[in-house]
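Keep the viewer open as you read.

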Amino acid sequence: MTQTQVATRTILAARNLSGTVAPPGDKGISHRYAMLGSLAAGVTKLTHYSSGADCHSTLACMQTMGVRVESDREKGEITIHGVGLRGLQAPQRVLDAGNSGTAIRMLSGILAAQPFASVIAGDESIARRPMARVIKPLLEMGANIGAEEGGRPPLRFSPVTSLQGITYTLPVASAQVKSAILLAGMYAQGETTVEEPQPTRDHTELALRNFGVEVRRGRQRVSVSGPVAELQPQEYRIPGDPSSAAFFLCAGAMFAGSELVLQEISLNPTRAVLLDVLRRMGAQIEILHIEDRGGELVGTIQVSGPARGRLRGTTLAGQETVALIDEIPVLSVLATVSDSGMDFQDAAELRVKESDRIVSIVHNLRAMGVECEERRDGLRVPGEQTLRGARINSFGDHRIAMAFAIAALKAQGETVIEDAECASISYPEFYDTLERIAQR
Ligand code: S3P
């Protein structure tokens with residue numbers, strides 16, 4: 001590891017928060033446009049592309065397969081010279097998904113359909129993440145995939161001449177797996193249908209339509225017909241990332257008089273559930289502007305804590321847990337300042353994210369003096385807590401580092417985040433933004 005990767009950050013309490021924040025482009029949408037742009041017949045131009053390392057891992061994988069990409073990372077301007085659906089070249093080295101579960105799972109759908117062999121791997125965290133959920137349906141479609149024990153990466157793809165469309169019911173709700181199957185479905189003979197136990201984010205469906213693919217949708221069912229002849233290149237501005245905005249939305253909700261505005265945030269209904277939960281808890285949320293960008297809703301959000309009294313505690317379960325799985329680390333921090341705390345149910349998926357997030361949250365909340373209850377598939381965080389500044393173990397997980405940087409704003413004494421720079425996986429500008437808006 002380099003010096004910067006292990007750097008700590010010290011964060012002090014704040015009196016209040018005020019200012020305007022424009023988080024990076026959405027991570028999930030950026031991955032999808034990078035992949036589809038690479039497979040399109042011509043040049044795709046993206047602006048507000050995620051500055052996070054994950055989305056640059058996807059671009060690097062596409063480059064390793066012969067796609068020419070011009071990238072101004074700071075400005076978020078990306079030009080992709082698409083090679084066409086059948087124009088990828090055999091990679092001469094292992095494809096590196098870095099820390100990105102979305103990259104390795106979604107790219108699997110593309111690699112499974114190619115007439116050449118490939119291997120995809122990632123960092124230590126990726127090596128622990130379950131891939132059987134994506135391998136199984138792709139094998140059913142006729143792919144040829146090898147993995148380490150327990151379906152762990154690296155994943156090895158053998159060449160195929162064709163795939164068959166399938167109807168597949170996901171055992172666990174996962175937008176990544178749904179997307180991998182739909183991407184493979186573009187290359188398959190006949191119809192490919194995915195049925196979901198609960199609706200998940202629909203960025204792939206919306207993006208596929210923009211690139212010219214006919215997508216048929218029911219509430220929890222989506223189909224494409226293959227083989228698709230061609231994708232039309234796009235010019236697209238990526239909406240801001242609601243899961244990155246979530247850190248500041250929750251921070252704003254923690255302080256009664258905050259004056260915080262979040263600009264250009266995706267309000268896609270599958271991603272905007274946090275706003276409903278914050279309203280239910282008594283936070284003041286206003287949408288100042290809203291527009292449609294290629295099927296994705298985008299808007300400006302103003303947030304502040306409750307006009308009087310504490311935030312109310314609440315329970316997340318079922319569909320809300322699925323929609324807010326990436327926001328649970330910061331919601332568990334918010335829970336500590338609510339009146340009755342929060343109960344997070346049906347959240348076993350937290351155990352297989354960038355870290356075991358149930359362990360990471362409970363460990364760090366305890367370090368700050370909060371006794372939570374850890375369960376197999378969730379946790380309960382008590383309310384009315386006084387947070388103590390502490391040394392935070394980020395577990396190398398970007399969302400844990402950022403969630404506890406938000407906790408630091410309410411803690412007595414200083415909080416030190418270890419390996420704080422892992423935040424750059426999704427939000428490299430996070431700490432600078434935090435220091436700019438924190439009033440002390
Ligand atoms: C993502 C889907 C979710 C989410 C992840 C990004 C996506 O994962 O947690 O951070 O971009 O499709 P699952 O597919 O496991 O639900």
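How much space lies in the largest cavity? About 70 Å³. Bear in mind that this is a predicted model. A search of the whole structure turns up 1 cavity of 30 Å³ or more.

So what lines the largest cavity? Pro242, Ala246, Leu249, Ile265, Ser266, Leu267, Arg271, Ala272, Leu274, Leu275, Ile301 and Glu327 do. At least two lining residues come from each of α8 (242–254), β16 (259–266) and α9 (273–280). Of the contributors, α8 gives the most, with 3 residues.

Now for the sheet. Here 4 strands line up in the order β4-β5-β3-β15, making an open sheet with mixed pairing. Because β4 (68–72) and β15 (235–237) each have a single partner strand, they stand at the edges, and one side of each is left without a neighbour in the sheet. From one strand to the next, the twist averages 10 degrees.

Zoom in on β3 (residues 43–47) and β15: the two run parallel and are joined by 3 bridges. Threonine 47 is a handy place to look, as it stands opposite arginine 237 in β15.

Which helix packs on this sheet? That's α1 (residues 27–39), which touches β3, β5 (77–81) and β15. If you draw the directions, α1 makes about 30 degrees with β5.

Definitions and conventions. Residues are numbered from 1 along each chain as its sequence is written. This is a predicted model: local features need pLDDT of at least 70, side-chain atom pairs count only at pLDDT 80 or more; totals for chains, interfaces and linings use all residues. Side-chain values use heavy atoms; hydrogens and water are left out. Two strands pair if DSSP finds at least two bridges between them. Axes are lines fitted to C-alpha atoms, for helices over the stretch in contact, and angles run from 0 to 180 degrees between N-to-C directions. Contact means heavy atoms within 4.5 Å. On a 1 Å grid over the protein atoms alone, a cavity is a set of points where a 1.4 Å probe fits but cannot get out, and a pocket is an open set with protein on both sides within 12 Å along at least five of seven lines; lining residues have an atom within 4 Å of a point. Grid points are joined across faces, edges and corners, and a volume is the space filled by probe spheres set on the points.
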